[in-house]
Amino acid sequence: MKIIFGGAFNPVHNEHVNIVKYLLTLEGVDTVILLPSVNPPHKECSTSFEQRIDMLKIAISGLERVEISDFEKFGQGKRYTCEVLPQLKEIYGDIAFVIGGDSLEDLHKWKNPREVISICPLYVFARGVSDKFKESLGYWTRQGADIRVCEYMPADISSTLIRYNVELGSYDNLNPNVVEYIEANNLYCKYSDIIKKLKNNIPSNTFEHCSRTASYALGLNYSLKLGLDYDKILLAGILHDCAKALCREEHDTSNVPSDSVGTPVEHQFMGANIAYKEYGVEDSEVLDAIRYHTTGKRNMSDLQKLIFCADMLEPGRNYEEVEELRSIINKSLDEGYKTCALAQYKFLKEKGGNIYPLTLEAVDELRNN
């Protein structure tokens with residue numbers, strides 16, 4: 001039997017390879033067919049089909065009984081599993097199809113799911129067994145599906161997160177040779193000009209903090225399933241301290257409240273100006289996330305809360321309460337933001353001195369909700 005393992009593979013990462021290695025150990029499996037999609041129905045690919053094929057070849061180098069199919073290269077438009085599997089069965093004969101646990105839970109949303117389960121067995125890789133997973137497994141089994149839940153539980157690695165972290169210079173969970181290919185072909189570098197400029201304009205320790213903040217915020221968006229725009233998160237995160245250590249006389253200070261001048265919060269207002277004027281950011285949601293990342297305010301948006309918290313909790317932060325605060329935000333953005341904002345207020349009170357009015361308003365709102 002040949003197992004079809006499809007996906008965007010944008011890019012292929014180490015957990016993809018681990019899944020392939022596990023499939024090769026299963027009884028009755030003679031070949032794993034990797035099937036990169038040209039136009040996946042629910043995703044957009046920033047890299048070409050050929051580039052993703054190249055990276056797959058690099059990642060599986062040395063593995064036997066693994067093939068890469070260019071079958072989808074010759075299709076037109078977006079292609080659905082119910083349309084592709086019958087054709088693959090004609091080509092390869094006895095086949096099975098790999099899906100993730102989340103895909104099984106959402107199988108009812110697929111085009112013609114009953115047709116899919118009638119074609120071949122499904123090998124399911126789950127990252128945990130939730131009630132929803134059990135319900136879906138039971139339902140589709142009763143509908144006649146041959147579903148085989150694999151013992152191997154893949155680590156929760158996201159190609160989307162990998163792409164954005166590559167923008168930030170991090171290459172975790174990638175084959176070193178794939179990294180070389182990515183760098184040689186300038187892949188996943190949509191914001192390279194902004195990031196290079198920022199790196200040259202602020203102190204290195206501030207840049208590293210900004211990079212960690214962006215990465216931490218991106219990770220929370222994924223793990224908490226917030227559904228926020230990854231591009232906006234990256235831009236707000238990487239630029240949130242773009243005004244730190246800059247001479248204010250050399251930059252636009254319009255829209256900088258006079259009561260913030262010379263205080264630790266001035267940089268958030270200047271930062272929004274600089275992001276707009278000098279880095280070309282026009283998105284108002286991104287600019288506002290920068291503008292209020294230190295003080296907070298009433299009626300914070302989810303993006304604003306995320307950047308506020310990521311600034312406080314990124315891995316480089318090391319203070320007494322940080323692990324407790326991280327554990328809270330790992331469960332809920334709203335609770336995490338509330339706890340972070342109140343912890344910051346407590347710190348400012350104990351430190352003494354004036355507290356900026358926006359912070360006082362934010363704390364008053366949180367205490368009354």
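## Overall make-up

What share of the contacts in the protein with a separation of 6 or more comes from residues 24 or more positions apart? Such residues account for 70% of those contacts. The model is predicted.

The protein has 369 residues, and 50% of them count as buried. Its secondary structure consists of 17 helices and 6 strands. The C-alpha trace extends over about 75 × 45 × 35 Å along the principal axes.

## Helices α10 and α11

Two packed helices are described by the angle between their axes and the distance between the axes. For helix α10 (residues 204-223) and α11, the angle is about 155° and the axes lie 7 Å apart. Angles over 145 degrees count as roughly antiparallel, so α10 is roughly antiparallel to α11. The crossing of α10 with α11 is right-handed.

On the α10 side, the contact involves Phe-207, Cys-210, Ser-211, Thr-213, Ala-214, Ala-217, Leu-218, Asn-221 and Tyr-222. These meet Tyr-230, Ile-233, Leu-234, Gly-237 and Ile-238 of α11. Sorted by class, the contact of α10 with α11 holds 10 nonpolar and 4 polar residues, with no charged ones.

## Helices α11 and α14

Helix α11 (residues 230-239) also packs with helix α14 (residues 302-313): their axes come within 10 Å and cross at roughly 40°. The two helices are therefore oblique to each other. α11 passes α14 in a right-handed crossing.

α11 contributes Lys-232, Ile-233, Ala-236 and Gly-237 to this contact, while α14 contributes Leu-303, Leu-306 and Ile-307. The residues of the contact of α11 with α14 comprise 5 nonpolar, 1 polar and 1 charged.

In soluble globular proteins, nonpolar side chains tend to be buried together. Here the largest nonpolar core has 61 residues, and those with the most contacts inside it are Ile-238, Leu-239 and Leu-313. α14 gives the most to this core, with 8 residues.

Which residues does Ile-238 touch, not counting those up to four places away in sequence? They are Leu-168, Ile-195, Leu-198, Phe-207, Cys-210, Ser-211 and Ala-214.

Technical notes
Residues are numbered from 1 along each chain as its sequence is written. This is a predicted model: local features need pLDDT of at least 70, side-chain atom pairs count only at pLDDT 80 or more; totals for chains, interfaces and linings use all residues. Side-chain values use heavy atoms; hydrogens and water are left out. Axes are lines fitted to C-alpha atoms, for helices over the stretch in contact, and angles run from 0 to 180 degrees between N-to-C directions. Helices (H or I, at least four residues) and strands (E, at least two) are DSSP runs, numbered from the N terminus. Angles under 35 degrees count as roughly parallel, over 145 as roughly antiparallel, 65 to 115 as roughly perpendicular and the rest as oblique. A crossing is left-handed if the near helix is turned anticlockwise from the far one by less than a right angle, and right-handed if clockwise. Contact means heavy atoms within 4.5 Å. Ala, Val, Leu, Ile, Met, Phe, Trp, Tyr, Cys and Pro count as nonpolar, Asp, Glu, Lys and Arg as charged, and the others, Gly among them, as polar. A nonpolar core is a set of buried Ala, Val, Leu, Ile, Met, Phe, Trp, Tyr and Cys residues joined through side-chain atoms within 4.5 Å. Buried means under 20% relative accessible area, exposed over 50%, partly exposed in between (1.4 Å probe, protein chains only).
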